[in-house]
Amino acid sequence: MLKHFNKSPVWVLISSAALILLPFVNDSRSLMIMITQIFILAIFAMSYDLLLGYTGIVSFGHAMFFGIGAYSTGVLLSRFEPTMLWLLVSIAVGMVVAAIVSYFVGLLTLRLSNHFYAMLTLALAGLFLVVAEKWRSLTLGNDGFTFRVPDVMRDRLSFYLICLILMVAVFFFLMRLTNSPMGKVLLAVRENEARTQSLGFKTIHYKLISSVVAGVIASLSGSLYVLSLRFVNTSVFALDVTLDALLMTILGGVGTLIGPIIGAAIIEVSHHWLSELGKSYVIFERWIIFFGILYILAVMFFPKGIVGTVKEIRWKKKRPSKVETNNKNKRIAG
Amino acid sequence: MSILKTQDLTIAFGGQVAVNSINLSIEEKSFTSIIGPNGAGKTTLFNLLSGQLKPTKGSILFKNEDITRLPSTIRTRKGIGRSFQITNVFPNLTVLENVRLAVQSQAGVRYQMIKHFRSYKKMNEEAYYLLEQVMMAKQADALASNLAHGEKRKLEIAMLLALKTELLLLDEPTAGMSLEEVPAILKIIEDIKSSGNRTILLIEHKMDMIMNLSDRIIVLFNGRLLEEGSPQEIMNNETVQNAYLGGLYDDHTA
Ligand SMILES: Nc1ncnc2c1ncn2[C@@H]1O[C@H](COP(=O)(O)OP(=O)(O)OP(=O)(O)O)[C@@H](O)[C@H]1O
Ligand SMILES: [Mg+2]
């Protein structure tokens, strides 16, 4: 059974150890901020991949849950004392609201074919965006508002470490979940839902669980995101946020957990790099165009993402004869 | 005692009546074969019995309970298992994972999300044992999508066996298998029959196989139940001869 051993947890642990040491070796502030963003977006992308890659559910409104976490934290910390206690309460509130919303979105649509979920999430995320724009007394609309955060979170190094720990925790939690008997049923739902039902599984339950877990984790990433900015505005509900998650997941590798992390790193680094270039060449300010092109190239040439492609190459190298299955069959008239 | 009954079971696709007012009564622990030319409605009848399709008219009783409106999930749990003619497995999962899902369902391990699946030793062993039964242990780690057609069919059978249902619906289990594979599958079916505690419905075109195994044979033709009887009665029946046995079956390929 040892040959089934998945090496990615080991890699994650080794890399995290390196990442813990990094700020002590290189104390570039902007680098640390960028890597912190990667941790946060990686959490978001992993939650998206639980839906897309592990359950086969497409969501066009995952930003909704990101925004719910973002506003819960922003609003509560601006209204109350910026203490650790209120911070934890705000994160918990975001998660609970996200759980409730994702549960009902799922309940309404997941019995139907999958594109209803995609459409309803798209519409609801749009609705949240409009509400956030109009409810100015709470959100100050598109202008947004700044807020104070607990001192621990103000310290860039400790915030970096907290985000790293949370990303690794989410990674191992999802790893556990997807390797559990229930996680295997999620895969079965992704592969062939009707068949999963006929084996005796109530697939709606599994899709709901996946939807709720993904929503709750996305909300956590939204809370962390606004903590890093100490500012929140309606952009957290924007379609771009969902598309970023989609791009990170597809680029890194759908149906893996390491993939979204790698995808988040690539997108965030190139984002950074393109906006630097944008200072000298105006065209690069339109980085969304480049992401569009990147997206098309990824889908065309690496449909399995970076992780999937690397795995495939290694697989072929290791066992060149395995693909050939018993084709010697003399077919007989049935 | 009859375990399965249908009354006036009918389904129409648009104007075409694929299953037309079928009344069946299947004896508990019996072996019944269903024959009929291509397009007779055999698979559609199975789809109605296992819950893949809902009838336009009529009802289905399983162990005296009306299951007509129950979804396939619940029917499986109540004891109706089936294999599919057009193989219906999980393509990007391994062969072992495919079977293990069926084992998992049968064991009632449905929502456990903390323990690693590998720590369920019994389930893994059971899945492996079933693969050995259908001679697929060697391919345990291959992706189901890489299997040849006949092998997918063996996988289907392993998954069906894993469910341990009282009623087994087998839709052309040996179609597309190589000659050396058929006897082993036949042996599995014979073993189930001789163990004497399951009820089997078999759709097949191989007449010798049907004649040896069946207690009863049902002939479908154009969605209707044309004839029903013991293998001898069916062999000697003139209507059946004309409609079906008159050469139609031996040019059938699945
Ligand atoms: N979902 C569906 N929609 C429309 N027509 C269907 C559907 N399922 C089956 N049919 C039609 O019903 C008829 C019976 O099909 P069925 O698959 O039950 O035949 P069969 O007896 O299993 O044939 P074979 O020996 O080829 O497997 C066919 O004419 C088929 O085209
Ligand atoms: Mg058929």
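Visitor: Is Asp215(B) buried, partly exposed or exposed?
Guide: Good place to start, and keep in mind that this is a predicted model. Asp215(B) has a relative accessible area of 38%. Buried means under 20% and exposed means over 50%, so Asp215(B) counts as partly exposed.

Visitor: Which residue does Asp215(B) meet in a salt bridge?
Guide: Side chains of opposite charge can pair when their charged atoms come close. Here the N to O distance is 3.6 Å, and the cut-off is 4 Å. Asp215(B) sits in the loop between helix H7 and strand E9 of chain B, while its partner lies in helix H6, 22 residues apart. That partner is Lys193(B).

Visitor: How accessible is Lys193(B)?
Guide: Lys193(B) belongs to helix H6, residues 182–195 of chain B. Like any residue between 20% and 50%, it counts as partly exposed. Its relative accessibility is 31%.

Visitor: How far apart in the chain are Arg82(B) and Asp171(B)?
Guide: These two form a salt bridge, with the closest N and O atoms 3.9 Å apart. Arg82(B) is in strand E6 of chain B and Asp171(B) is in strand E7, so the pair links distant parts of the chain. Their separation is 89 residues.

Visitor: Are Arg82(B) and Asp171(B) buried or exposed?
Guide: Arg82(B) has a relative accessibility of 5%, and Asp171(B) has a relative accessible area of 0%. Both values fall under the 20% cut-off. Arg82(B) and Asp171(B) therefore count as buried.

Visitor: What is the N to O distance between Lys29(B) and Glu28(B)?
Guide: Lys29(B) is partly exposed at 45% relative accessibility, and Glu28(B) is partly exposed at 30%. Their side chains meet in a salt bridge. The distance is 3.7 Å.

Visitor: How many salt bridges are there over all chains, and how many between chain B and chain A?
Guide: Over all chains the count comes to 15. One of those between the chains joins Arg195(A) and Glu156(B), with the closest N and O atoms 3.1 Å apart. Between chain B and chain A the count is 2.

Visitor: Which helices of chain B each supply at least two residues to the side that touches chain A?
Guide: Across this interface, 55 residues of chain B are in contact with 37 residues of chain A. The chain B side divides into 24 nonpolar, 18 polar and 13 charged residues. The helices are H2, H3 and H5.

Visitor: How much area do chain B and chain A bury between them?
Guide: The size of an interface is often given as the accessible area lost when the parts come together. For these two chains, 56% of that area is on carbon and sulfur atoms. The buried area is about 4,200 Å².

Visitor: Which residues coordinate the magnesium ion (ligand 2)?
Guide: The coordinating atoms are OG1 and OE1, at 1.9 to 2.1 Å. One residue lies in helix H1 and the other in the loop between strand E6 and H3 of chain B, so the pair ties together parts that are 42 residues apart in sequence. The residues are Thr43(B) and Gln85(B).

Visitor: In which helix is Ser211(A) found, and what is its relative accessible area?
Guide: Leaving aside neighbours within four places in sequence, Ser211(A) is in contact with Leu51(A), Ser102(A), Leu110(A) and Tyr117(A). Ser211(A) counts as buried. Its helix is H11 of chain A, and its relative accessible area is 1%.

Methods:
Residues numbered from 1 in each chain as written. Chains lettered and ligands numbered in written order. Predicted model: local features only at pLDDT ≥ 70, side-chain atom pairs only at ≥ 80, totals over all residues. Heavy atoms only, no water. Contact = heavy atoms within 4.5 Å. Buried area = accessible area lost by both parts, 1.4 Å probe. Helix = DSSP H or I, 4+ residues; strand = E, 2+ residues; numbered from the N terminus. Nonpolar A, V, L, I, M, F, W, Y, C, P; charged D, E, K, R; others polar. Donors = N, O, S within 2.8 Å, 3.2 Å for Na, K, Ca; no water. Buried < 20%, exposed > 50% of the residue type's maximum accessible area, 1.4 Å probe, protein only.
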